[in-house]
Amino acid sequence: MSRIFLKSPAAVWTGLPEVDEKQGACGGIVIEAGRIVEHVAAGAAPTLPVDEEFDCRDRVLIPGLINCHHHFYQTLTRALPAALNKELFEWLVNLYPVWAGLDEDCIRLSTKLALAELMLSGCTTASDHHYLFNREVTAAIDIQVAAAQEMGMRVVLTRGSMSLGTSSGGLPPDCVVQDEAAILEESERLIKAYHDAGDGAMTQIALAPCSPFSVTPELMQASADLATQYGVLLHTHLAETQDENQFCLDRFGQRPLDYLESVGWLRPGVWLAHGIHFNDEEVERLGKHRVGVSHCPSSNMMLASGMSRVLELEALGAPVGLGVDGSASNDCSNMMEEVRQAFLLQRLQYGSARVTHHDALRWGTSGGAGVLGRPELGRLHLGAQADLALFRLDELRFSGSHDAIAALVLCGAHRVSDLMVAGQWRVRDGNIPGLDLAQLRAEHSDAARRLALRASA
Ligand SMILES: [Zn+2]
């Protein structure tokens, strides 16, 4: 069994305050069988013999970042003229007809491209919310599982769904909504085929009806029952915009959180994308029931949706992680940049003394692990999964910086030198071994062009 010593990093942020207080005093960590087995003191040698030594003197080491909300397919509709300068509902109405033209090639290429982009930005665990199914796209999640396995990425893939079309008072056109019995049958098939409940799982499945304005209460309730039956997580968009709050009041006579509670979702094992427009009592209720929130600062700024009350949610008990959200509302998939955006946006809300770079890194690592119910991820404790991101601070933007960990966030680190997932190197010297990025980009761009053409035809 091979044992790897990551020797003498320039700086380490483990996510464990008791270790990080002695920052600079770390001699490295030892990895064996995909896990962290030793913290080595500065100047000391590992207690067990090692097979491989990796000199990290010019690298900063942090736990791999965890992305809690994304729509990989949206990488095909970045900066699309029809969707520019709009807020959520209008933005969606302009994009649904384009997304209606997705085919399975689009799913494969967008998944690979988004995963590559995430890996290069320091992400080791990615969640995706795929809810767009049409006649052409039936095996989207199977395709995503295969792509993630091929690339060695840890994923929580959600079987998303939409069942409330325009003709029934929903927002999406009828051509992209599905029959509820078919959604549930497919959800069950995917859980049985791919969900690994074990410690260190590389592939998990969760259930994710899209939003209050695109699914019925019956599907929300039935998805919750199925999730309980199989012990999988539940995910949805909630309280993203004032328009959504108004939709819930008009259609259900309830605010979004009351609606969520009425369909059996106010419980641990549920996480919400955005979670912005909650009042004080609702923030308290989310904390009490340990409902997680994926804060998506770039998307929230791009669509002018608002700001999630991250510090209060965390303080009251709700797990909080970060998500890049779909690449049509970001419009990139860079997880380290998202950490910086969360840092900046939450400082604007709470003041610079109350939000530190440690907070932003925590949301991007152990916070996300808490949201996804994965204590073996997000921190570099003994026994944790060896999911690691290494950054070199040799770009112009870092020159003159003094605190290497603060510099990652303040100077804007955005690309790793090396990345390890479950003890396997997935990025080396800024490249993904075995992946022809130029070819992937060319094929992905072609698919994006074809998709836009199909919509205008
Ligand atoms: Zn989203």
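Start by selecting helix α2, residues 88–99, which gives the most to the lining of the largest cavity, with 4 residues. Helices (H or I, at least four residues) and strands (E, at least two) are DSSP runs, numbered from the N terminus. The lining of this cavity has 18 residues in total, and Leu88, Trp91, Leu92, His237 and Glu240 lie nearest its centre. The space inside is about 120 Å³, and the count of cavities of 30 Å³ or more comes to 1. A cavity here is a set of points, on a 1 Å grid over the protein atoms alone, where a 1.4 Å probe fits but cannot get out; lining residues have an atom within 4 Å of a point. Grid points are joined across faces, edges and corners, and the volume is the space filled by probe spheres set on the points.

The model is predicted: local features need pLDDT of at least 70, side-chain atom pairs count only at pLDDT 80 or more, and totals for chains, interfaces and linings use all residues. Residues are numbered from 1 along each chain as its sequence is written, and side-chain values use heavy atoms, with hydrogens and water left out.

Next, keep His237 from the lining and select Ala273 in β12, which stands opposite histidine 237. Strands β11 (residues 234–238) and β12 run parallel and are joined by 5 bridges; two strands pair if DSSP finds at least two bridges between them. Strand β12, residues 270–274, is mostly covered, with 5 of its 5 residues buried. Buried means under 20% relative accessible area, exposed over 50%, and partly exposed in between (1.4 Å probe, protein chains only).

Now show β13, residues 292–295, which pairs with β12 in the parallel sense over 3 bridges. Tryptophan 271 stands opposite glycine 292 of β13. Between β12 and β13 the chain passes through helix α9 (residues 280–288), a right-handed β-α-β crossover: with the strands pointing away from the viewer, the path from the first strand over the helix to the second runs clockwise.

Select serine 121, in the loop between α3 (104–120) and β8 (123–130). Serine 121 counts as buried because its relative accessibility is 0%. A polar atom of its side chain lies 2.8 Å from the backbone oxygen of leucine 118; a polar contact is a pair of N or O atoms within 3.5 Å, where within protein one must be able to donate a hydrogen and the other to accept it, and residues adjacent in sequence count only if both atoms are side-chain atoms. Beyond neighbours within four places in sequence, the contacts of serine 121 (heavy atoms within 4.5 Å) include Leu65, Ser333, Phe391 and His414.

Follow β8 to the loop between it and α4 (140–151), where asparagine 134 lies. Asparagine 134 is also counted as buried, at 12% relative accessibility. Its side chain reaches the backbone oxygen of leucine 102 at 3.1 Å, and a polar atom of that side chain lies 2.8 Å from the backbone nitrogen of glutamate 136.

Finally, show the open sheet of 5 strands in the order β2-β6-β15-β16-β17, with mixed pairing. Its edge strands are β2 (11–12) and β17 (424–427), each pairing on one side only. Within the sheet, β15 (residues 388–392) and β16 (residues 418–421) run antiparallel, joined by 3 bridges. The loop between β15 and α14 (404–412) holds aspartate 394, which is exposed at a relative accessible area of 51%. A polar contact of 3.0 Å joins the side chains of aspartate 394 and arginine 392.

Conventions:
1 Å grid on protein atoms, 1.4 Å probe; cavity = no way out; pocket = protein on both sides within 12 Å on 5 of 7 lines; lining within 4 Å.
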